[in-house]
Amino acid sequence: MQIMGLDIGGANTDLAVIELNEDKIKLLGTDKHYLPMWSDPSKLTEYLRQLGSMYSKCNTICVSMTAELADSYENKKQGVLDISGRVQEVFSDKDVYFVSFDGLIRYEDVIDDPLSVAAANWIGTVNCIKYISSDCIFMDMGSTTTDIIPLKDSKEICQGHTDLERLLSGELVYTGVLRTNLATITPTIPIRDNEATVSSELFSITADMNLVLGNITPEDYTCDTPDGSSKTKDASLERIARLVCADLDMLTRDEVISIARHVYNKQIEQVTNGLVQVVDKSNLSTVVITDMADTSVCYKATSSLGLDIINMNDYISPNVSSIITSLGAIQMYIDEVLQRKLSIIDQI
């Protein structure tokens, strides 16, 4: 049988498709598709139809979501109902499940309690990570946010489930590799033996910072640029200079690179602060990390605290770890519906 996992986010929809043949698991395909839900949610339907044609042999679809927070929706309930409705419509002839805080549920259950699936994608991830370590903290920095999830005895022991609760507990840090406004990371920038306060405009994002520092390639820069211009190092340097209302006529390239490095270090501090909160509450000392591209933010944050590190890249490729939430949705189906102890990570 073939099973599709989808994680429908505000900026990207992640895909994983596996084939399960007795006790053998084969990864058939993955995708990270840039689909900004704040601009046109109807494009989700188009993409889902494409997937339905490409993977017509998939009879089971497992879906998680975070796109309900997109500001194209008035509230999360409206977002959940719209997204789940589009999935159900496109895959009406398939066996469809949605990831909730209480496990996999059907579309009818989503209608009864929409918030039970809102931003629950990390629940699926836990079901993959438990096969690596039953007692650990899972730390994953994506394009937009960083999850810091504690597990004991193979179960999540989070202080919160909603985004708000997780922001309060340090288990969600709203900073990522690509889409974060640099002005949200630090209020000041050291320049020429002084400190400049930053402009709060959306002039530059972490994709610019990471491109300038060599942490990502132009191909990794998959989101839109703040000014609509090119995804080159020179263009990123110009955007970063605007963070302090300057340009490359006012600042040297080395000075702008220093700004990028300062913001990068401040982002590590942000993530470390969240990790400290989770460590203090959970008393766990092992951290399973994923770092999108070559940013190493999770690694540096964990190392600074002297914690034991397990790198996901030792188990699966970085491209696959970047869509771990969609694999997690499939893992939940294998665990809960099929009731079989088969680890996807161990076989792909």
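**Exercise 1.** Locate T180 and decide whether this residue is buried or exposed.

*Solution.* T180 sits in the loop that runs between strand 10 (172-173) and strand 11 (188-191), strands being DSSP runs of E with at least two residues and helices runs of H or I with at least four, numbered from the N terminus. This is a predicted model, in which local features need pLDDT of at least 70 and side-chain atom pairs pLDDT 80 or more, whereas totals for chains, interfaces and linings use all residues. Residues are numbered from 1 along each chain as its sequence is written, and side-chain values use heavy atoms, without hydrogens and water. The relative accessibility of T180 is 5%, so T180 counts as buried (under 20% relative accessible area, with a 1.4 Å probe and protein chains only). Leaving aside residues up to four places away in sequence, T180 touches T144, Y174, T175, I185, S204, I205 and T206, a contact being heavy atoms within 4.5 Å.

**Exercise 2.** Describe how helix 4 and helix 11 pack.

*Solution.* Helix 4 (residues 121-129) and helix 11 (residues 324-337) pack at about 70 degrees with axes 7 Å apart, where axes are lines fitted to C-alpha atoms over the stretch in contact and angles run from 0 to 180 degrees between N-to-C directions. Helix 4 is therefore roughly perpendicular to helix 11, a term covering 65 to 115 degrees. Among the residues that meet are I123 and C128 in helix 4 and L327 and M332 in helix 11.

Technical notes
Buried < 20%, exposed > 50% of the residue type's maximum accessible area, 1.4 Å probe, protein only. Parallel < 35°, antiparallel > 145°, perpendicular 65-115°, else oblique.
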